[in-house]
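Reader: Could you walk me through this one before I set anything up? I'd like to start with the side chains and then move on to the fold.

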Amino acid sequence: MAKAPDLSLQMSLAFREPLALLSPDQIYARASHKLFESLKEDRRIERKPIGIHTEELAKYFSMWANTKPDGGVIVVGIQDDGVVSAAGTSISMEAVNRLEGAGYTHCPDARIESKRISAFREDGTEDFLLVFRVAYDPHKVVKTVSGEAYIRIADKKVKLKPDEVYHLSTDRGQIDVEQELVDISYPEGLDWGALDRKSTRL
């Protein structure tokens, strides 16, 4: 079966738009097998095999939701070299449904869109890929249901440490530092001497 011409990739070439400058929104809008063959994993895109577990996929939802400025795109069913070796028709529809519902189940705070796009295996068999668009959330640190939070650095997924989650939460206004409880009792816990010294200097 002959492959249909890839209009989205042709559009990028027609406008002389470098693939490296496409935004995640543009990548998602123009998503095609040919486009994903041309793009490499970077700060906008992640490839995953169709057999990825939903809990693992949710970590990438958290990652993109926490990554400035635009989040990113996940393509499921394609290898790092762009080859479709085992995509949507390789697993049951129940498994496909679980992957498409992984955000709601395992990372409910992430804002996710998804779609299926046509793709061809090396032997010419038609198949499909799952494409997820995860938006950046400027208002909160997005965690998985297990309480983990991730961020993207270059082409790597990095798990945030508790103190990093705290500082990121305060930066985004999720935690009001002035309203936080402190482990100081009043009046016993106050350093009255320090207050006296300060008032003397004033």
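**Rings, a buried arginine and a sheet**

Author: Gladly; this is a predicted model, and it holds one aromatic pair.

Reader: What about charges over rings, say at Tyr 28?

Author: The face of Tyr 28 has Lys 115 lying over it, at 4.3 Å from the ring centre. A second case is Tyr 60, where Lys 157 lies over the face of the ring at 5.2 Å from its centre.

Reader: Let's switch to Arg 44; where is it found?

Author: Arg 44 is in the loop that connects helix H3, residues 33–38, with strand E1, residues 45–48.

Reader: And is Arg 44 counted as buried or exposed?

Author: Arg 44 counts as buried, because its relative accessibility is 7% and the cut-off for buried is under 20%.

Reader: Which backbone oxygens does the side chain of Arg 44 reach, then?

Author: The side chain of Arg 44 reaches the backbone oxygen of Leu 22 at 2.8 Å, and one of its polar atoms lies 3.4 Å from the backbone oxygen of Ala 20. If neighbours within four places in sequence are set aside, the residues in contact with Arg 44 include Leu 19, Pro 24, Ile 27, Leu 39, Trp 64 and Val 73.

Reader: OK, now the sheet: what is the strand order?

Author: Four strands make up an open sheet in the order E1-E2-E4-E3, with mixed pairing. E1 and strand E3, residues 112–120, are the edge strands, each pairing on one side only. On average, and with direction ignored, neighbouring strands in this sheet are turned by 20° against each other.

Reader: How many bridges join E2 and E4?

Author: Five bridges join strand E2, residues 72–76, to strand E4, residues 126–134, and the two pair in the antiparallel sense. Within these strands, Val 76 stands opposite Leu 130 in E4.

Reader: Which strands do helices H4 and H5 lie across?

Author: Helix H4, residues 54–65, lies across E1, E2, E3 and E4, and runs at about 160° to E2. Helix H5, residues 93–100, lies across E2, E3 and E4, and its direction is at about 20° to E4.

Reader: Last one: which residues of helix H7 are buried, and what follows the helix?

Author: In helix H7, residues 162–171, the buried residues are Val 165, Leu 168, Ser 169 and Thr 170. Residues three or four places apart in an α-helix point the same way, because there are 3.6 residues a turn. After H7 comes Gly 173, which has a positive phi near 75°.

Conventions
Residues numbered from 1 in each chain as written. Predicted model: local features only at pLDDT ≥ 70, side-chain atom pairs only at ≥ 80, totals over all residues. Heavy atoms only, no water. Buried < 20%, exposed > 50% of the residue type's maximum accessible area, 1.4 Å probe, protein only. Polar contact = N/O pair within 3.5 Å; in protein donor to acceptor, adjacent residues only side chain to side chain. Contact = heavy atoms within 4.5 Å. Phe/Tyr/Trp six-rings, centres within 6.5 Å; stacked < 30°, edge-to-face > 60°. Lys NZ or Arg CZ within 6 Å of the ring centre and 35° of its normal. Pairing = 2+ DSSP bridges. Axes fitted to C-alpha atoms, helices over the stretch in contact; angles between N-to-C directions.
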